[in-house]
Amino acid sequence: MTQFAKLALEIITHMFSLMYLDELMAFASPCRTHRVWVMQYLNRRKDNYLIQFVSNPSTLLDALRITSSVISGSLALQFLLPAVNCSWGAIDMDIYSTQSGYETILINLLLDGYTMVCNRYSNYYTSFAINRVIKLVKGNRSIDIIVSQTNNVLLPILHFHSTVVMNYLSADSFFSAYPMLTIEYRGLINRSPYNTNVRSTARALAKYQYRGFSVQSRATHWDKEDDSDRNHRCESDLYCPRNIRATLDRGCARYCFEQPGIIASEETADVCNKSVVWQLGGEDCQYEDLRWYTYVHTLL
Ligand SMILES: [Zn+2]
């Protein structure tokens, strides 16, 4: 029996609220009881986020599951960090879906009382990664459904303005492209063709800086703040823009929250299993004038 078994649920929940997601998953791994506690805690946390937006979180999670859609933005970022560190409240939610799946999500939200206020095609966003954006509101809550140009929702996510928000929460899993950098409250600006609106990108970056993130344009920026052992190791550190990354590499965090009784078919398999390669855009670490431009390619 685990040594934590005699603790009250409130104490265990408080202990979990102090832990990063990787620490929670490490705590869960060696013991079935720990795993059950952690999964219950994560599912409660997920429901607590979603209940702020929808009447029935499990209905939305079912819709996400069958359409391989995911939640990204602030809400997914909060999931990576300890709950006690996330004092910022989310009033909007971003759902990333595919052209074949977004209508299911849309109908689900319309039935929940949301009103569609905007349906813009990608030329507004000048992004080849995004087909359209549908904006819905209900009271003081708003949800954007961002429809990917391909059948992979990671394409727009890896074009985001910075590494801080390259995360997603699906019905049964969590993914982060730069988990180690992000839990240090650091982020690199991504030079992507998606980020052509300088003003809105600056606003988005300021939001995360206000929340305590150091968002920089060059990977070597933090060297002068750290001791020499932690200086940027060019081409070795996985956040170096010179590196070509893949969603299945060791630099990504991929946590699957197993749900008993649900077996994903090949068609509805979790997006976390889909392999994508990318290169972060931004300033080169060594040559002042050299710039990298975001490259994202779907392998499957
Ligand atoms: Zn480098």
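These are my notebook entries on a predicted model of one chain.

**Entry 1: ground rules.** I count residues from 1 along each chain, as its sequence is written. Because the model is predicted, I use local features only at pLDDT of at least 70 and side-chain atom pairs only at pLDDT 80 or more, while totals for chains, interfaces and linings use all residues.

**Entry 2: the whole chain.** I looked up the elements and found nine helices and 15 strands. Helices (H or I, at least four residues) and strands (E, at least two) are DSSP runs, numbered from the N terminus. Next I looked up burial: 37% of the 300 residues count as buried. My note on the term: buried is 20 or more other C-beta atoms within 10 Å of the residue's own, exposed is 12 or fewer, partly exposed is in between, and the C-beta atoms are placed from the backbone. Then I turned to contacts (C-beta atoms, placed from the backbone, within 7 Å). Of those with a separation of 6 or more, 67% are between residues 24 or more positions apart.

**Entry 3: helix α2.** Which residues of α2 (residues 21–28) are buried? I found L21, L24 and A28. They sit on the same side of α2, because their arc around the axis is only 60°. The arc is taken from the directions from the helix axis to the C-beta atoms. A reminder for me: an α-helix has 3.6 residues a turn, so residues three or four places apart point the same way. The packing partners of these buried residues are α1 (9–17), α3 (32–50), α5 (74–80), β7 (173–176) and β11 (253–256).

**Entry 4: helix α4.** Here I listed L60, L61, A63, L64 and T67 as buried. Their arc is only 160°, so they too lie on the same side of their helix, α4. Their cover includes α3, β1, β2 and α6.

I then followed α4 to α6 (residues 102–111). The two axes come within 9 Å and cross at roughly 170°. That angle makes the pair roughly antiparallel. Axes are lines fitted to C-alpha atoms, for helices over the stretch in contact, and angles run from 0 to 180 degrees between N-to-C directions. Under 35 degrees counts as roughly parallel, over 145 as roughly antiparallel, 65 to 115 as roughly perpendicular, and the rest as oblique. From α4, I noted T59, L60, A63, I66 and T67 meeting T104, I105 and N108 of α6. The residues of this contact divide into four nonpolar, four polar and no charged. Nonpolar covers Ala, Val, Leu, Ile, Met, Phe, Trp, Tyr, Cys and Pro; charged covers Asp, Glu, Lys and Arg; polar covers the others, Gly among them.

**Entry 5: two positive phi angles.** Just after α4 I stopped at S68, with a positive phi of about 55°, although S68 is not a glycine. S68 is in the loop between α4 (57–67) and β1 (70–72). Is S68 buried or exposed? It is buried, with 25 other C-beta atoms within 10 Å.

Y185 is also not a glycine, and its phi is about 60°. I found Y185 in the loop between α8 (179–183) and β8 (186–188). Y185 has 16 C-beta neighbours inside 10 Å, so I marked it partly exposed.

**Entry 6: strand β2.** Five of the six residues of β2 (residues 92–97) are buried, so the rest of the structure largely encloses this strand. Strands pair if DSSP finds at least two bridges between them. β2 and β1 are antiparallel over three bridges, and I71 has I95 in β2 as its bridge partner. β2 runs parallel to β5 (residues 141–148), with six bridges; there D92 is partnered by S142.

Methods. Contact = placed C-beta atoms within 7 Å.
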